[in-house]
Every structure is written in structure tokens, then in C-alpha cells.
Amino acid sequence: SSSSGAAAVVPESVVATLAHFSHYYMAIYGWPVMCMTYPLTCWLRALRGCACGIPCAADYCYCHTAAAKSFSGLPRSDLIFVSVANKVYHPAYLIAVDHQWRSVVVAFRGTCSLADAMTDANVTLAALQVEGVGEVWLPDGFLRASRSVKAELDSQGRLSTALHAHPDYGVVFLGHSLGAAVAVVASLLYQPELGKSRVSCYAYAPPQMFTKAALGNSGLCSHITSCILGDDVVPRLSFLSLLRWKDRVVQALAHCKVPKWQ
């Protein structure tokens with residue numbers, strides 16, 4: 001909202017962009033979300049592309065890849081890589097080429113396993129050197145996850161190969177929840193080597209990551225667009241907000257005249 005209290009109007013172009021790229025963060029959730037979204041037709045929509053016809057966790061039969069293809073609407077040739085290998089500090093992600101928007105897309109999955117929850121739980125602050133900004137502090141779990149994925153991308157060369165094949169395309173990092181946090185940090189890690197003008201980031205329901213002082217620096221977040229639905233608790237939740245909530249609960253209990261057992 002603006003300083004006058006009136007709601008700010010989001011340009012239609014931004015809404016259209018967010019709507020378009022939202023299919024990618026849905027795609028990386030794979031067949032479980034496909035089955036929840038289309039419980040009666042998921043087999044026809046996505047799983048017909050898998051080898052076994054039965055969803056499996058490790059994508060040995062390309063069940064997740066088939067669901068990602070269906071959600072994204074891309075031909076198989078433009079879906080470069082789908083990784084559902086998931087461990088602490090290493091979320092699932094996919095790489096795709098979007099010719100319509102002239103972009104190479106890297107989409108990260110949100111919290112969907114115990115390993116992801118353990119990544120979320122590491123809220124110890126760690127420093128990240130951002131070019132043109134300086135030292136920025138953010139949760140160590142998100143930073144470790146982003147560096148882990150970047151190391152894999154760099155070692156396997158899939159992202160660089162896609163960019164080499166499309167030298168005039170931009171790079172879009174995006175994700176939902178935990179994936180949004182990883183996308184934000186990954187975009188900052190890649191800016192020095194790809195160039196700020198080439199990198200953009202779309203964060204859907206991102207958790208709180210930066211201090212107010214850091215957010216005041218236009219050079220940090222100018223390439224990031226966040227999308228938050230209504231009163232979603234995740235973007236408003238932080239370690240400090242939990243401490244404040246605990247203090248208010250204790251204070252309310254101390255002033256309550258009704259016996260606690262009632």
C-alpha cells in the first residue's frame with residue numbers, strides 16, 4: 001500500500017508474468033501435486049508419460065518429469081533437467097527453456113520432505129557478499145541450499161550449456177516457499193558471472209530473509225518480484241516474530257484471571 005493508505009495497483013504486465021512463471025514452481029512438485037490438483041484425470045494428464053504408469057519417489061520411471069511437462073506445458077525437448085534428488089541443504093529443482101519469454105528457467109521446489117524442513121529450521125544468520133551491496137545477512141539454511149545447487153549446476157554444466165545455446169536469453173530463478181528463498185539467493189550468487197541485467201527472480205510466498213536495512217538497498221532486490229497471497233503466514237514468519245509471539249502469549253497468560261486449567 002502507498003503512504004496515503006490506498007492500495008497500490010500492480011501493473012497487468014507483472015501479474016501476467018507471475019501467472020506465466022507460476023506453472024514452473026507447480027511443475028517441480030511433480031506427480032503428488034498433479035494428483036491433488038487433478039485427482040480424477042491426473043493419470044491422463046501427466047502419468048501417461050512415465051514408463052511404469054505408477055508414481056515413484058525417485059523418478060526412475062520419469063513420473064515426476066511427466067508431471068513437470070504437463071504442468072509447464074513445454075515439449076520434452078525444452079525441459080532440460082528435472083532433479084528430485086532431495087537432501088538437507090539440497091532442494092529439488094528443474095531447468096527449462098521458455099522460448100515464449102526468451103528465458104532459461106531454474107525452478108526450485110518448496111518444503112516437501114523432512115530434509116527440506118531441516119533446511120528451513122537452520123535460521124542461524126550467515127553472511128553473503130553481494131556485488132555492489134556488500135555484506136548481507138540471511139538464514140544459513142537458505143544460503144547452504146543455494147550454494148549446494150549452484151555447485152551442482154556448475155559441475156554438471158546444464159545451465160551453462162542452455163545459456164550457450166541461447167546467448168540472448170535471460171535467466172529466471174523462481175520457486176515457492178523454501179524454493180523462493182533458494183531462488184532469491186541463487187539469483188544473487190549468479191549475478192556477478194551472468195550480469196545483473198540478465199538475471200531476474202520471481203519468489204512465490206517467500207519466507208522472510210533480509211533485514212530492513214538490507215531491503216532498503218535498491219541494488220539488492222531490484223531484480224526480485226515477490227508474490228504473496230492474502231494473509232499467508234510463511235512470508236510473515238521469522239525467528240524474531242516467533243519470539244515476539246511467545247512473549248505476548250506469556251504476557252497474556254500472566255494477566256489472565258481465569259485459572260489455566262479452565
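**Group meeting: rings and cores in a predicted model**

Okay, so buried residues make up 45% of the 262 residues in this chain, where buried means under 20% relative accessible area, exposed over 50%, and partly exposed in between, with a 1.4 Å probe and protein chains only. Before I go on, this is a predicted model: local features need pLDDT of at least 70, side-chain atom pairs count only at pLDDT 80 or more, and totals for chains, interfaces and linings use all residues. Residues are numbered from 1 along each chain as its sequence is written, and side-chain values use heavy atoms, with hydrogens and water left out.

The chain has 11 helices and 8 strands; those are DSSP runs, numbered from the N terminus, with helices being H or I of at least four residues and strands E of at least two. Contact here means heavy atoms within 4.5 Å. Take the contacts between residues at least 6 apart in sequence: 62% of them join residues at least 24 apart.

Now, the rings. A pair of aromatic rings is described by the distance of the centres and the angle of the planes. The cut-offs: rings of Phe, Tyr and Trp (its six-membered ring) pair if their centres lie within 6.5 Å, and planes under 30 degrees apart count as stacked, over 60 as edge-to-face and the rest as tilted. How many aromatic pairs does the structure hold? There are 7 aromatic pairs. Take tyrosine 25 and tyrosine 204: the centres are 4.8 Å apart and the planes sit at 40°, so that pair is tilted. Tyrosine 25 is in helix H1 (residues 12-27) and tyrosine 204 in strand S7 (residues 199-204), so to speak a link between distant parts of the chain, 179 residues apart. Both ends are buried, tyrosine 25 with a relative accessible area of 16% and tyrosine 204 at 5%.

Phenylalanine 173 and tyrosine 190, on the other hand, are stacked, at 5.4 Å centre to centre with 20° between the planes. That pair ties together parts 17 residues apart in sequence, because phenylalanine 173 lies in strand S6 (residues 170-176) and tyrosine 190 in helix H8 (residues 178-194). Phenylalanine 173 is buried at 0%, and tyrosine 190 is buried at 3%. Tyrosine 190 also has a charge over its ring: the charged end of lysine 150, 4.7 Å from the centre. For that term, NZ of Lys or CZ of Arg has to be within 6 Å of the ring centre and within 35 degrees of the ring normal. Arginine 158 does likewise over phenylalanine 81, at 3.8 Å from the ring centre.

Next, the cores, meaning sets of buried Ala, Val, Leu, Ile, Met, Phe, Trp, Tyr and Cys residues joined through side-chain atoms within 4.5 Å. Which residues touch the most other members of the largest nonpolar core? Of its 42 residues, those are Phe108, Leu128, Phe173, Val185, Met209 and Phe210. H8 gives the most to this core, with 12 residues. A second, separate core has 26 residues, including Leu74, Val82, Val84 and Leu94.

Let me finish on leucine 94, which sits in strand S2 (residues 93-98) and is buried at 0%. Setting aside neighbours within four places in sequence, the contacts of leucine 94 include Tyr24, Phe81 and Val82. Leucine 94 and tyrosine 24 are 70 residues apart along the chain, with their C-alpha atoms separated by 8.4 Å. And Tyr24 takes us back to the rings, where Phe21, Tyr24, Trp101 and Tyr202 form one aromatic cluster.
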